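Here is a short note to go with the structure. Please keep the viewer open while you read.

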Amino acid sequence: MLLLSLTAFAALCLLRPTPMADLLVYRAEGRAVLDGTDLYGFRVTEWNLPATYPPFAAMLFVPAALLPLLPLKAAFAATNVLLLALLVHLSLRLAAPAPGTRLAAWPRGALVTGATALGLWLEPVFQTMLFGQVNLALACLVLWDLTRPDGARGKGLAIGVAAGIKLTPAIFAVYLLLTGRVRAAFWALAGFAGTVLAGVAVLPGASLDFWTRRMFETGRVGKVWIVDNQSLQGLFARLLHMTDPGTVWRVAALVTAVAGLLLARHAVRAHGHEAWGVLCTALTALLVSPISWSHHWVWCVPLLVLLAVEAGARPRPVLAVAALVLFSARSHWLVPHDGALDLRLPWWLQAAGSPYPLLGLGLLLFAAWRLRGTPEGAPPGAAGAPGLPGPRQTSSPAASSSDASTMR
């Protein structure tokens, strides 16, 4: 099945242009580091794309500048397929199918292979492949870190490194802090600080430029109102027919950030449900970020795995099937969006133009309903929510003991 899926994907890439525009930006960043030129002054590709990541990321892209373009594209595509398989594996570890359920009965290798074959055609994953993006790598870094036992040495460090490459994973350090894992949160801070210092050491001028000016220039990334942007800001811009929805989306983003993170904390502290805690945090990050391109939503992979696990424990797969259809439908590419048509969508096309933020809000509400209250007779963090599979145990007794002071 995986071989058939890969063959079909390769054939599609050969039949249609696959510029991998973001990979070309990464390559130019690596070349700027090697040549000592202005990291944030260049524009590449027919879309005039600039560098938008911190200097540390540009340092990691140096090898991309040394390879011929065609082998580089092939290597990036192959690596992303492997990363997708790893993300499926980590998602299964996070969701932890309960013994006796349908998914638990399947061999893990068969599940990973089958889910990888299907996952290639999810729109966020497909776009990540076509753009040559690093979303799958960042999601794997974060999820690998979060699925390690709470007493694991250096837990949180990988999250900090991911935040040093692309700022948005920093929200998972806040999640660690809110759920009482203070030591891991400080490891995340240390990892992030290390990437900043490395950037300052190698690229002092670019670091000063980025941290004092470029990181605040959202307009460098792209137009917030186009259908590519599946964040709350994009949703409100199209809904209100405004290039800058201003205060409306900022208030909505603030309320969503607070509610989403508190819900993530409640999922872990009251129900011991790490999977919903992680997914609520990921959804919150995608919603409140000024720009969340559709390919940023690769967190649909662990989300769909979790919904499939729950559907296996309770044979009502409606939500899982609906989410699968939505992440495969590509409805936002089907609405009129040439030029400024994104801003003139009629009310009846708004949902089709903003499927991911609407689904994200709906899933946060669903999680709040499913995780309401505290399980009767169970201490915080000791029991799964009613109707949910049991929580994944992230700590050994010894680790729990060593972390007791930070969990209070």
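1. Overall make-up. This is a predicted model. The protein has 408 residues, and 53% of them count as buried. Its secondary structure consists of 23 helices and zero strands.

2. Contacts and surface. Take the contacts with a separation of 6 or more: 75% of them join residues 24 or more positions apart. The protein exposes about 17,900 Å². Carbon and sulfur atoms supply 70% of that area.

3. Helix H14. How many of the nine residues of H14 are buried? Seven are, so this helix, residues 232-240, is largely enclosed by the rest of the structure. The buried set runs through Leu232, Gln233, Gly234, Leu235, Phe236, Ala237 and Arg238. Note that Arg238 is in this buried set.

4. Neighbours of H14. Which helices do the buried residues of H14 pack against? They pack against H15 (247-269), H16 (274-288), H20 (350-353) and H21 (355-370).

5. The ends of H14. Ser231 caps the N-terminal end. A side-chain oxygen of Ser231 lies 3.3 Å from the backbone nitrogen of Gln233. After the helix comes His241. His241 has a positive phi, near 60 degrees, and is a residue other than glycine. It sits in the loop between H14 and H15.

6. Helix H8. This helix covers residues 123-131. It is mostly covered, with eight of its nine residues buried. Those residues are Glu123, Pro124, Val125, Phe126, Gln127, Thr128, Met129 and Leu130. Gly132 follows H8 and has a positive phi, near 70 degrees.

7. Is Val125 buried or exposed? Val125 counts as buried because its relative accessibility is 0%, and the cut-off for buried is under 20%. Leaving out residues up to four places away in sequence, Val125 touches Leu84, Gly119, Leu120, Val298 and Val301. Check also the pair Val125 and Cys300. They are 175 residues apart along the chain, yet their C-alpha atoms are separated by 8.7 Å.

8. Ala96. Where is Ala96 found? Ala96 is in the loop between H5 and H6. Its phi is positive, about 50 degrees, although Ala96 is not a glycine. The residue is partly exposed, with a relative accessible area of 24%.

9. The second largest pocket. Its volume is about 740 Å³. The lining comprises 26 residues. Ala115, Leu118, Leu304, Ala308 and Leu324 lie nearest the centre of the pocket. What classes of residue make up the lining? There are 21 nonpolar, four polar and one charged residues.

10. Where the lining comes from. Five helices each supply at least two residues to the lining of this pocket: H5 (69-95), H6 (102-105), H7 (108-119), H17 (300-313) and H18 (318-329). In general, an α-helix has 3.6 residues a turn, so residues three or four places apart point the same way.

Definitions and conventions. Residues numbered from 1 in each chain as written. Predicted model: local features only at pLDDT ≥ 70, side-chain atom pairs only at ≥ 80, totals over all residues. Heavy atoms only, no water. 1 Å grid on protein atoms, 1.4 Å probe; cavity = no way out; pocket = protein on both sides within 12 Å on 5 of 7 lines; lining within 4 Å. Points joined across faces, edges and corners; volume = space filled by probe spheres on them. Helix = DSSP H or I, 4+ residues; strand = E, 2+ residues; numbered from the N terminus. Nonpolar A, V, L, I, M, F, W, Y, C, P; charged D, E, K, R; others polar. Buried < 20%, exposed > 50% of the residue type's maximum accessible area, 1.4 Å probe, protein only. Contact = heavy atoms within 4.5 Å. Polar contact = N/O pair within 3.5 Å; in protein donor to acceptor, adjacent residues only side chain to side chain. Areas by Shrake-Rupley, 256 points an atom, 1.4 Å probe, with all protein chains shown as cover.
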